[in-house]
Amino acid sequence: MNKIKRIGVLTSGGDCAGLNAVISAVVASAEKKGWEVYGIHDGTEGITDKVHRYEVLTTKNFCDMPWPRLSGSYLGSLNKGLRVESLEEVSKRFSQGVKDLGLDGIIVIGGDGSMNIVSNMSKNSLVKIIGIPKTIDNDTPITEFSVGFQTATQFCTTSIDSLELTARSHNRAIIVEVMGRDAGHLALHSALAGNADVCLIPEIPYSLDGIINKLKEIKARGRNHAIIVVSESIKTENGGVVTSNKNMVGEAVYGGIGQYLCAEVAKRYNEFQFRVTTLGHLQRSGVPVAFDRLLASVFGAKAVELLDKGEDNKMVIWKDGKVDAVSLSEVVKAGTTLVDTKGKYVKAAKDLGMYIGEI
Ligand code: F6P
């Protein structure tokens, strides 16, 4: 028998295009079952803070504005991590919040970090948790794709296309710094799609000489411009970490490696003029592309179906063209998914003659 009367839905971690499409799909599917939906504001803090922050969501919320087509999160999100020492205290507040709000289930739209945090927070609560993976980093384990990744890849590819045109006019090598945290998926996918000459990702060591040799080869073939795609978390040649900032729990916020490479390469090789473009938070924005919206719809409907079947502590996934679900403990155990250095994308990059590091 279906015991669910009210569920919560929240977004957690860095935003990306497609979050509102997921929220809308969850609301539509839950409404069809006659459930009430509380949209929780500001990630889990809308539950754990003393004054809970939420609003009742119905499909009417998505009539006045085309929310599924807009990026950002209608509900607000937090991307600031959680101190381990505060986990016990936060879990207590989470259980209390769930009771106060009368939630039978919560759908958490988040990345690998959020899945970890929520599965820990909910250990002492009877509420059922279902995760929906989203992130421009595409590093959530087991699922092949997370909502937001394809739109970010499209944005980076379109940016590479545009930058190639200005590089061409000025005989320049343009270094394009992209996000992705500790995984190189976004850099590699957009470098392949945009035919970049060099792609540096954290999973593969590189050398400045390797980059310069590639630039020399381009010059020797009579081309006067080049595109170098760089993932934000690659290290300096001798292993230094380049950061721009720290988040609220002291974790590194990457940024600046493009400028380092520009200075170091230009010191050793001056046949090109070098410029850096950092794509920044624009990568998390834009109209979600069709595949992200398809994932949003399919994942939203599946998450509601799982709650209806009494499932708990699961995350929906996309694998081999099918939607499925795995336990949150498997997700947490698997950790962050990095680029497979022996996989098809790295092989294609090498086969195309892209310099992808010392591999
Ligand atoms: O995880 C998504 C992401 O955009 C990363 O690619 C990036 O390193 C980080 O978030 C930036 O975080 P913030 O929201 O703190 O700027």
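Begin with the ligand and select the residues around it, namely Asn79, Ile136, Asp137, Met179, Gly180, Arg181, Glu232, His281 and Arg284, where a residue is taken as near a molecule if one of its heavy atoms lies within 4 Å of it. What you are looking at is a predicted model, in which local features need pLDDT of at least 70 and side-chain atom pairs count only at pLDDT 80 or more, while totals for chains, interfaces and linings use all residues. Residues are numbered from 1 along each chain as its sequence is written, and side-chain values use heavy atoms, with hydrogens and water left out.

Colouring this shell by residue class gives two nonpolar, three polar and four charged residues; here Ala, Val, Leu, Ile, Met, Phe, Trp, Tyr, Cys and Pro count as nonpolar, Asp, Glu, Lys and Arg as charged, and the others, Gly among them, as polar.

Next, display distances to the oxygen atoms of the ligand. A polar side-chain atom of Glu232 lies 2.5 Å from a ligand oxygen, a polar side-chain atom of Arg284 lies 2.8 Å from a ligand oxygen, and for Gly180 a backbone N or O atom lies 3.1 Å from one. Taken alone, the ligand exposes 400 Å², of which the protein buries 84%; accessible areas come from the Shrake-Rupley method with a 1.4 Å probe, and for residues only the protein chains shown count as cover.

Now move to the loop between strand E5 (128-133) and helix H5 (149-170), and select Thr140 there; helices (H or I, at least four residues) and strands (E, at least two) are DSSP runs, numbered from the N terminus. Is Thr140 buried or exposed? Its relative accessibility is 1%, so Thr140 counts as buried, the terms being buried under 20% relative accessible area, exposed over 50% and partly exposed in between (1.4 Å probe, protein chains only). The side chains of Thr140 and Ser146 are joined by a polar contact of 3.4 Å, that is, a pair of N or O atoms within 3.5 Å, of which, within protein, one must be able to donate a hydrogen and the other to accept it, with residues adjacent in sequence counting only if both atoms are side-chain atoms.

A polar atom of the Asn138 side chain lies 2.9 Å from the backbone nitrogen of Ser146. Asn138 is buried, at 6% relative accessible area, and, neighbours within four places in sequence aside, Asn138 is in contact (heavy atoms within 4.5 Å) with Glu144, Phe145, Ser146, Phe149 and His185.

Showing H5, E6, E7, E8 and helix H11 (344-352) brings up elements included in what covers the buried residues of H6. After H6 comes Asn195, whose phi is positive, near 55°.

Finish at helix H8 (residues 257-268), and draw a distance between its end C-alpha atoms: they are 17 Å apart, which agrees with the 16 Å that its 12 residues should span at 1.5 Å a residue, the expected span being 1.5 Å times one less than the number of residues. In H8, the buried residues are Ile257, Gly258, Tyr260, Leu261, Cys262, Glu264 and Val265, and their cover includes strand E6 (172-178), strand E7 (198-200), helix H7 (208-220), strand E8 (226-231) and strand E11 (273-278).
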